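This report describes selected features of a protein assembly.

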Amino acid sequence: MPLSYVLVLAALLFSIGVYGVLARQHAVLVLLSIELMLNAVNINLIAFSAWLQDTGVPGQVFALFIIAVAAAEVGVGLALVILIYRNRRNVDVEGLSLMKW
Amino acid sequence: MEAAWQEGLFFVFATVITVSAIGVVTARNVIHAALFLVATLIGAACIYILMFAEFVAWAQVLVYVGAIVVLMLFGLMLTRAPIGKYGEYDNDQKGLAAIVAAAVFGVTAWVLIDSFEGVELPTDRVAATTSKDVGEAIFSSYVLPFELVSVLLLAALVGAVVIARRDERVTSRTIDAARREKAREEDV
Amino acid sequence: MPEGYFGQYFTIAIFIVAGVVLVLGTFALAKLLSPFQPHTEKLTTYESGIDPIGTGWSQANVRYYIFALLFVIFDVEAIFLFPWAVVFERLGTQAFVEMVIFIGILTLALLYAIKKKVLEWL
Amino acid sequence: MTQIRTPEDVAREVAEGGLATQQMILNVGPQHPATHGVFRLLATIDGEILAEAEPVIGYMHRGYEKLVEARDYRQITNLVSRMDWLSGFNNELPLAMALETLMEIEVPPRAQWLRVVMLEMNRILNHLMFFASFGAELGAITPTFYAFREREDIQLAMESATGGRMHFGFMRPGGLKEDVPRGFIAQALKSVRQVIARLDQYEDLLVGNEIFKQRTVDVGVLSREQVMSYGVSGPIARGSGVSDDVRKDEPYLVYDRFDFNVPIGHSGDCFDRFWVLVHEVVESARIVEQAIEGLPAGPVLGKVPRVIQAPEGEVYVRAENPLGELGYYLASDGDRRPYRLKIRTPSFNNVSVLPEVLRGTFVADMIAILGSFFFVLGDIDR
Amino acid sequence: MPEFIQNFELTAWWILAIKLIVVLTVVPVGALAGGYALHKVMAHLQHRLGPMYAGGFHGWAQTLADGIKFVLKEDIIPEKADKPVFKYAPAIIFIPILLLYLVIPVDRRLIVQDLDVGLFYLLAVSSIPAIGILMAGWSSANKYALIGALRSAAQLIAYELPIVLSAATVAMLAGTLSVVGIVEAQDWPFLFWPPGIGLIAFIIFFAGSVAEMNLPPFDMPVAESEIITGAFTEYSGMRFIFGYFFAETAHMIAFSGLAVTFFLGGYRPIVPWEPLTVIPGIVWFMLKLFVMVFLYLWVRPTFPRLREDQLQKFAWKGLIPGSLGLILVAGAWILYAPEWLWH
């Protein structure tokens, strides 16, 4: 199976994530789209790891680290969203112009 | 024979991933979007298994599906999901966003296809990467990032606790904000 | 039928499909056998026999979020714990100390949460 | 006292944004497993915590006080028996006593002693029922079956004498309907002794259980002042350390001849209320034992005119029902029917204090508190 | 003997088919039998007889009759519910539980599929039902269901961790994640060696699994006296069965199997004496399984339930720090305990 198939899939997933980040208003949905992008990265890493199997498994290890980073990102991100929701009763990223307020 | 199997399955999973990822970014209901994300994540886990990374695949299921999505669902139930079943969550730059996304996809896909033309993934491996391989790699070569992960998680927890902790001042301010908002709506 | 590594997952995939068929098949069977007489009263939301006030999609408690976050953090720990569990005996003291530090830092997180009383309810 | 809001009021408040902190209105009841019938709590909850709870009653209102005005006294005896369906005999007693006072009927000693036997057995029945339901509400299912095992024996004894299992209709102004049958004495004695003997099991199963203590100690504390100001009575009042028992304070029948204690709690939490309840079972069993041992011979019905017709006058009679103080205020204009019968039921007053106790507790504690506020719906709504 | 039996060859496909048939029979039948055992054990612990009529002998067909009744029940989906999510939430709860059965070795060779990461697979799969429960509770648009789902999910995740961490202890002692490898690595006396570690891990695992299955004293997600049936308040018919009853009993049997595999030596004889080793491993496994199932059933009618905050406190301040400490103790033991203590 050609490596480029997997890479194109990852690219597709990544751009869907990009679309989500740009087109969504709800902050949690933006976070979900970021997860899509992180997963695209993971797919890439795993694919390269499978390709370069003779050099050990750094790709997979990095994927694990990315999962950990995603966990931290979601944790803090959602906490921010909750705080914003508490103060403003909505979570539209469009309305987030606290500095101008 | 093996290669054909692998390729066919790859296309099945790729379709699942793509369709559900599109579901994530277009769903009209936030919970549905999160559930589409579950499908995407499980599809990605299947791809990992196809790429001989079974440990990462199950780690993905354990952490992403079992924990991060649950956290997301809790987060959603803490915010907008309860109030309306369906809502308009897209902003008015949908068209622009689609163009940007398509451009990103076009450029990266072209670059990737161009640079990795003719590279074939191995399909004849007898065994996958074992948990032993992963463990040895982490605990001999990647010790520092591993320890940093714990610091990162600690920082994330501290940050989240500071931000999301129940605080009386916040609550009363919330009420004020709600009143202000209501007044603003009435003005309009 | 594939063998070796793919064979293992082929079996599991078959069982997933079989499970789906089992559940959905039973649903279909139930649909065939059971009566279907919808009625407005029957389809209302149950709330102790009273018409619900407000919607059922109400806001959750923020404490649940902290619990879920703690869980995520320790779950991430678990994915590093298992590779460690199978190799630390061979790698010896060095790997053991690494894990002691790792668990120590995460225990700090738990202690912080306990100290900030986010695990308390009232 | 907080004003009771109707659902419409609350709905309006929600619509107006008065509850902007996202509190949720939850109806607990009228059709809910924990409310023993059609009792409704209008709970405002924030996550798992109750901001406020309003009891809404009246779903079972049958208009007893009006019904009795159209019935003669014999019919009324059977009617009030159904008011608090767990302690029928106890409901019948004060009415008979009121009539006896007005009509100046002498009750023969055997009837008095037998009444005590029946009353206390009925009290055991009632208390065991709440023992069972409290356990069930806290998720322990086994106590239910233990309690019903004991209830069955006592009920068999009472059935052999009265023919009824819940609504006995055995009381008559002036005494009892008839003498107890042969074998009743032995059976009653055996069943109450069994209860005493098995009390250790209950102590082990619930009272001594660590989880049970965690769920009940310091939960739903009812202060002495609240007891006083809301007119709470019965085991609930005694759980808060208020020594209030009509049997001791104002002995009626022959209660002054028996040696029994009134168990008193001190902290007024769910655990103390439950502890009082369990220990009252023993005390009641001891009274039954003593009453049977000292049972005099003789008739069981005094000289009663053919037609029961209370002379003009009024009387207030109170007695210690299993759930608290039951009072009948009987005003007669000399007819065969009461002119007015005002019923003061224990559960009504006891439940009125609930909003005070429930404020700021957990949803789970709400269930423990409801379980420890021993009430019967029929008794509240009459 | 008919010709087709003589010519029958046990190819890989046939083995797979047999495995499929066995598992798909064992799981529902086991769930029914577990339900019957639940009725009977509980009844006898409470001075009752339990079911006595259905089917004749001691009411053996009671749960079967219940099952048939539920198939015939009308499937009511509330008007306000989110229909697709509501409909398929029970499947998301039940199918992962079915998948747990795949890696439990009933005998040395009798296992559906041994995986190199078997233990990890188990934990990953058993973390999925939390999503199903949240789906069920949220889609019902019912307040009780939502409270129940939140409680349930919070409880599942809080008690998932003790299970994961005690399983990590097991993996450390065995030095492998393969389930068969774990059974093989255990030495007599399974639970009690190394001293304390195995037993404490077992207790933590047991407490965690009782909570995962929503058995008392951890049954507040479905506390009928508080929130009716929690997330399943609006469910009826077959969906209720798969989401709740089947899931509960199938979960119980699966976790009993896991406890046997991780701690009680799986299919190996309880004492390594010569005459006992003749008895096939499947018999030993089943015996130990029955003991475990009975333990779970015994817990059920014994305790009142805890409160939500007490439950979380028990997990986060008791079990989780305890199991983290246990991991370090086990690691120190494995690395530094003198060799002669080991064998």
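A residue is called buried when its relative accessible area is under 20%, exposed when it is over 50%, and partly exposed in between. The model discussed here is predicted. Under that cut-off, D:E100 counts as buried because its relative accessibility is 7%.

The structure holds 25 salt bridges over all chains.

| Salt bridge | N to O distance |
|---|---|
| D:E100 and D:R115 | 2.7 Å |
| D:D179 and D:R110 | 3.1 Å |
| D:E120 and D:R247 | 3.2 Å |

The side chains of D:E100 and D:R115 meet in a salt bridge at 2.7 Å. D:E100 belongs to helix 4 (residues 88–103) of chain D and D:R115 to helix 5 (residues 109–137), so this pair ties together parts that are 15 residues apart in sequence. D:R115 is buried, because its relative accessible area is 0%.

D:D179 and D:R110 form a salt bridge whose closest N and O atoms are 3.1 Å apart. D:D179 lies in the loop between strand 5 (175–176) and helix 7 (184–207) of chain D, and D:R110 lies in helix 5 of chain D, so the pair ties together parts that are 69 residues apart in sequence. D:D179 is partly exposed, at a relative accessible area of 33%, whereas D:R110 is buried, at 12%.

The side chains of D:E120 and D:R247 are joined by a salt bridge at 3.2 Å, N to O. This pair links distant parts of the chain, with D:E120 in helix 5 of chain D and D:R247 in helix 11 (residues 246–249) of chain D, 127 residues apart. D:E120 counts as buried at 0% relative accessibility, and D:R247 is buried with a relative accessible area of 5%. Through salt bridges that share partners, D:E120, D:R123, D:R238, D:D245, D:R247, D:E280 and D:E320 are joined into one network.

**Chain B and its interface with chain A**

Chain B has seven helices and zero strands. Of its 188 residues, 54% are buried. Among contacts in chain B between residues at least 6 apart in sequence, 65% join residues at least 24 apart. The accessible surface of chain B is about 8100 Å², with 65% belonging to carbon and sulfur atoms.

The size of an interface is often given as the accessible area lost when the parts come together. Chain B and chain A bury about 7400 Å² between them, and 75% of this is on carbon and sulfur atoms. The contact involves 89 residues from chain B and 73 residues from chain A. Between these two chains there are zero salt bridges, while six residue pairs are in polar contact across the interface. On the side of chain B that touches chain A, the elements giving two or more residues include helix 1 (2–26), helix 4 (94–115) and helix 7 (168–187) of chain B.

Within chain A, A:S49 is found in helix 2 (residues 27–51). A:S49 is buried, with a relative accessible area of 7%. Leaving aside neighbours within four places in sequence, A:S49 is in contact with A:V57, A:G59 and A:Q60.

**A nonpolar patch on chains C and E**

A nonpolar surface patch of about 880 Å² is made by C:L29, C:L32, C:L33, E:F57, E:W60, E:L64, E:I68 and E:L72. Helix 1 (4–33) of chain C and helix 3 (62–72) of chain E each supply at least two residues of this patch. E:W60 is in the loop between helix 2 (12–45) and helix 3 of chain E, and E:W60 is partly exposed, with a relative accessible area of 49%.

Conventions:
Residues numbered from 1 in each chain as written. Chains lettered and ligands numbered in written order. Predicted model: local features only at pLDDT ≥ 70, side-chain atom pairs only at ≥ 80, totals over all residues. Heavy atoms only, no water. Patch = residues over 30% accessible without salt bridge, like charges linked within 9 Å, V, L, I, M, F, W, Y side chains within 5 Å. Areas by Shrake-Rupley, 256 points an atom, 1.4 Å probe, with all protein chains shown as cover. Salt bridge = Lys/Arg side-chain N within 4 Å of Asp/Glu carboxyl O. Helix = DSSP H or I, 4+ residues; strand = E, 2+ residues; numbered from the N terminus. Buried < 20%, exposed > 50% of the residue type's maximum accessible area, 1.4 Å probe, protein only. Contact = heavy atoms within 4.5 Å. Buried area = accessible area lost by both parts, 1.4 Å probe. Polar contact = N/O pair within 3.5 Å; in protein donor to acceptor, adjacent residues only side chain to side chain.
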